[in-house]
Amino acid sequence: MVQETEGTFKVATVGKIGEADLYTKTWLPDGPPKAKLIMVHGFSDHVGRYYDFFPSLARAGIAVYGFDQRGWGRSVKTPAQRGLTGPTSTVLADIVAFIRAHLPSEVPVFVLGHSMGGGEVATLASDCAYDDLIGQISGWLLESPFIGFTPVEEPSWLLVFSGRLAGRFLPHMHLTRPIPPEHVVRDPVVQQSIREDTLCHDTGTLEGLASMLDRTEALSLGKTKLSPKVRSLLHIHGDGDLVCSFDKAKAWFDRQKPAVGDATFKNYEGFYHQIHADPGKEMFYKDVADWILARCTKEGTEKGVEAAPAATNGPSATAAASVQHSVPESKL
């Protein structure tokens, strides 16, 4: 049976953004894990919205460690904190701190980012300032990463310009940016659950939204390139995505592939943005598990040793409360 553990993770003050206690959740296999996966969620999202994805990975022997990013999900304690992510430097510092809490590791460590989180993960894996960390990660996984808008979601140039201008003077001013659930996923039950989920607040700050656009532009225009330390990459995207551009993401992957010895792009034909919640999602769960486990076997063969069991809890988790479930404790 999968063991689920909730807790908190303290991140430090970065710039003008103070320290915070981030909500965490861990899914552990029944037995020694074969690998660890660090999960980075998307915009107006949280780690409780991934259905049976994380439990299914845990049942395959992969321990999953997720957290609600600063400004999102259960990490928000007051309305003023909604979308208060800080600039890119803060966003990356938070993600890096969480990853480092699970290193060094006796089993291979992988990092997965979805949507906005995919863009953040791709940006991190392209930042030479973190080469020491990047070299310790066995593989990077991107699900529908935000590397460009689709035509139906792209904001007008006037909105972007005025938002950037206002952000210079009022960086923490809130701006609501709702995404129609019908653009996110095909399942009407999931669409309704998104509407009813009060943790999905669709709110960013002008500073946070501008930083997200800056990251996206840098990726889309090829200004950032994956570090040579990246060992393997799996990029999964549905060509029916109405939120994040499939074509721009594929173009980014094609530019990166020559520099990564082990790089795979998989098109889920007809799938919408949240592949993990779309009809047929079980295929995605299996593909991710198979890809990770194949690289665990490869690493073990190269090292000539079997992977040893990992610790069952991250060193910085606090106030943990263990619960036993076969699926996530959420409304989904």
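A: Helix α8 is largely enclosed by the rest of the structure, because 11 of its 15 residues are buried. Buried means under 20% relative accessible area, exposed means over 50%, and partly exposed lies in between, with a 1.4 Å probe and protein chains only. The buried residues of α8 are Leu206, Gly208, Leu209, Ala210, Ser211, Met212, Leu213, Arg215, Thr216, Ala218 and Leu219. Helices (H or I, at least four residues) and strands (E, at least two) are DSSP runs, numbered from the N terminus.

The helix covers residues 206-220, and its end C-alpha atoms are 21 Å apart, which agrees with the 21 Å that its 15 residues should span at 1.5 Å a residue. The expected span is 1.5 Å times one less than the number of residues. Gly222, with a positive phi near 80 degrees, follows α8.

The model is predicted, so local features need pLDDT of at least 70 and side-chain atom pairs count only at pLDDT 80 or more, while totals for chains, interfaces and linings use all residues. Residues are numbered from 1 along each chain as its sequence is written, and side-chain values use heavy atoms, with hydrogens and water left out. Here pLDDT is the predictor's confidence in each residue, from 0 to 100. Its mean over the protein is 89, and 89% of the residues reach 70 or more. Over residues 304-332 pLDDT stays under 50, and the model has 68 contacts beyond four places in sequence for them. A contact means heavy atoms within 4.5 Å. Where pLDDT is low, the predicted coordinates should not be read in detail.

Of its 332 residues, 55% count as buried. Among contacts between residues at least 6 apart in sequence, 81% join residues at least 24 apart. The protein exposes about 14,000 Å², of which carbon and sulfur atoms supply 58%; accessible areas come from the Shrake-Rupley method with a 1.4 Å probe, and for residues only the protein chains shown count as cover.

A salt bridge is a side-chain nitrogen of Lys or Arg within 4 Å of a carboxyl oxygen of Asp or Glu, and by this rule the count comes to 17. In one of them, the side chains of Lys25 and Glu4 meet at 3.3 Å, N to O. This pair links distant parts of the chain, with Lys25 in strand β2 (residues 20-28) and Glu4 in strand β1 (residues 3-11), 21 residues apart. Lys25 counts as buried at 4% relative accessibility, and Glu4 is buried at 0%.

Lys10 and Asp21 form another salt bridge, their closest N and O atoms being 2.9 Å apart. That pair also links β1, which holds Lys10, to β2, which holds Asp21, across 11 residues. Lys10 is partly exposed at 47%, as is Asp21 at 34%.

In helix α9 (residues 246-256), Lys250 and Asp254 are 4 residues apart, and are therefore separated by about one helical turn. Their salt bridge has its closest N and O atoms 2.8 Å apart. Lys250 is partly exposed at 27%, and Asp254 is partly exposed at 40%.
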